[in-house]
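Dear colleague,

Please find below the structure that I am handing over to you. My notes on the helices follow it.

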Amino acid sequence: MDWLGGIIQRACGATSQALHWHRGRPARNERGPRTAALKFSPVRILAPSGARSGRDAHGPSEELEWLRCRLREMKGVISAIVIVSLLSGSTMAQKKYERPAVKTPDTFRGADVVAPTDQTSIGDLKWFEVFKDQELQKLVRTAMVQNYDLRLAVARINAARANVGLARSNQFPQVDVGADLTTTRTSANSGSGAPGQAGRKRSFGEVFLSLLTFEVDLWGRRKQQTKAARAQLASTEEDRKTVATVVVSDVATNYFNLLELDLELEIAKDTLSAREESLRIIRARQQGGLATMLEVRQAEELVYQASQTIPDTERLTEQTENQINLLLGNNPGPITRGASLSEQKELPAVPAGLPSSLLERRPDIRSAEQLLISENALVSAAKKAYFPTISLTGAFGFQSDSLSNLFSGPSRAWSFIPQITQPIFTAGRLKSNVNFEKAQREYALAQYQQTIQTAFSDVSNALVQYRRVKEIRTQQELLVTSLRDASRLAHLRYEGGVDTLLNALVADTSLFNAELSLAQTKRNELLSLVQLYKALGGGWQQ
């Protein structure tokens, strides 16, 4: 930009006469050490009385003629600066944003190869189309209104929206209107003032309409800053959708955990009842001389194992209920259940869909892309800081030392100050600012790409978990069926005197553990589909 500064300096040197005029008198042009400022500020102020001297004494017509001469002198200089700036602007134009190329897999690893990939993804379904339990739907609806994370996200959106308004306001002129009326009275005993004027009442008035300093956005720098603010707002809105996805997933996860704990508690109570009955029978046999005290102690051991499981399960149940209430924004308390874990309707087994559609569905990916768009716009705005800054300042109003003639013709006053400022030497500040914004853009690009790869990994892991847990649940059901029959036969053999009590107790313990494991496997199957739904970007749709 040195060649541009040289041209401007020569253009400024062509007009050695000062261009700042106040009440018809020229003054020296102002120029700072770091910028070349071409400032033309004719100010016209007509005094209320006829006591004017010099140029003012000739009247408004000669003031206007002097103004026209100054404008003609500056016409060539301003035109040269504008033309040079347009030429330099064409060489530094910012390229239009294009989405970075992303290598997407043809299919998700772990997806069912039999199902066609063009079917609707489960991530496209609304959350109430996935979770059919009426009580769970009530909990999710409450969380969508009262959850604190969602309320914080909405507050961040409102702040970002206000920031857009602040950035956009810089593209428009700011106009203020003001009035001033001061009334004073001097004391007759003060001894001051002209003779015969002691105690005279005087009024001073002023009414002005001011145009605050307004930067003409000729190069689009302010526009790019507004564009960046809008992209940040869009990113914040996508973040709210991400929070909604997490909230729906967390509520469903904790609800299914609660149902699984209910099933464990039911199994523990049923097992305890059965073992207490077995203990009663063994004690009766011991009193009849058909069983030993060792067998009684072994039966008591199983009773105590089942009984200590109950309070621990109840502890976990109450803590899970508190966690759900926290997600709902409620105080700790009980949670109403719907269908039990065994009665839950099978969640829709919809294919994962095309990997390319994940880029449009997951809100965290879209949020990362909006941040990249914002940084791209900020790079453009930083480059445009090399161009001249054109600003306008003006005011129009009336001034008088008497309220009676405040709005008369001679009391009229106005000012109009156009100013062009071109950076010449900034000690590398502008270049460093451009490099900083470029580094921020590279960071946003890497973050965007990382978010995409994380999303593909999340979907693949969820697909693998869902398929494998489903296989485990099938085998676990067969195991429970087999152990239940084995326990029944072992107790029959013991009661018939053809087998020891130890084998019956071992079979009973194995059945109890297998039933608890089956309950956890059923829960894990539901949770794996919840995680798949979340990984595919579902849950924020209303």
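**Helix α6 and its neighbours**

The axes of helices α6 and α7 approach to within 8 Å and cross at roughly 160°; axes here are lines fitted to C-alpha atoms, for helices over the stretch in contact, with angles from 0 to 180 degrees between N-to-C directions. Helices (H or I, at least four residues) are DSSP runs numbered from the N terminus. The model is predicted: local features need pLDDT of at least 70 and side-chain atom pairs count only at pLDDT 80 or more, while totals for chains, interfaces and linings use all residues. Residues are numbered from 1 along each chain as its sequence is written, and side-chain values use heavy atoms, with hydrogens and water left out.

α6 and α7 are therefore roughly antiparallel to each other, a term for angles over 145 degrees. The crossing of α6 past α7 is left-handed, meaning that the near helix is turned anticlockwise from the far one by less than a right angle. The contact of α6 with α7 comprises 20 nonpolar, 11 polar and 11 charged residues. In this scheme Ala, Val, Leu, Ile, Met, Phe, Trp, Tyr, Cys and Pro are nonpolar, Asp, Glu, Lys and Arg are charged, and the others, Gly among them, are polar.

Helix α6 (residues 221–287) also meets helix α9 (residues 363–383), their axes coming within 8 Å and crossing at roughly 165°. α6 and α9 are therefore roughly antiparallel as well, and α6 passes α9 in a left-handed crossing. Nine nonpolar, 10 polar and seven charged residues make up the contact of α6 with α9.

Helix α7 (residues 293–328) has 36 residues and spans 53 Å from its first C-alpha to its last, close to the expected 52 Å, which is 1.5 Å times one less than the number of residues. Just after α7, G329 adopts a positive phi of about 75°.

Helix α5 (residues 148–169) has 22 residues and reaches 32 Å from first to last C-alpha, close to the 32 Å expected. Its buried residues (under 20% relative accessible area, 1.4 Å probe, protein chains only) are L150, A153, I157, A160, V164 and A167. These residues lie on the same side of α5, because they cover an arc of only 90° around the axis, taken from the directions from the helix axis to the C-beta atoms.

**Residue N513**

N513 belongs to helix α11 (residues 501–535). Its relative accessibility is 45%, so N513 counts as partly exposed, the class between 20% and 50%. The C-alpha atoms of N513 and A268 are separated by 9.9 Å, although these residues are 245 residues apart along the chain.

With kind regards

Terms used:
Helices (H or I, at least four residues) and strands (E, at least two) are DSSP runs, numbered from the N terminus. Angles under 35 degrees count as roughly parallel, over 145 as roughly antiparallel, 65 to 115 as roughly perpendicular and the rest as oblique.
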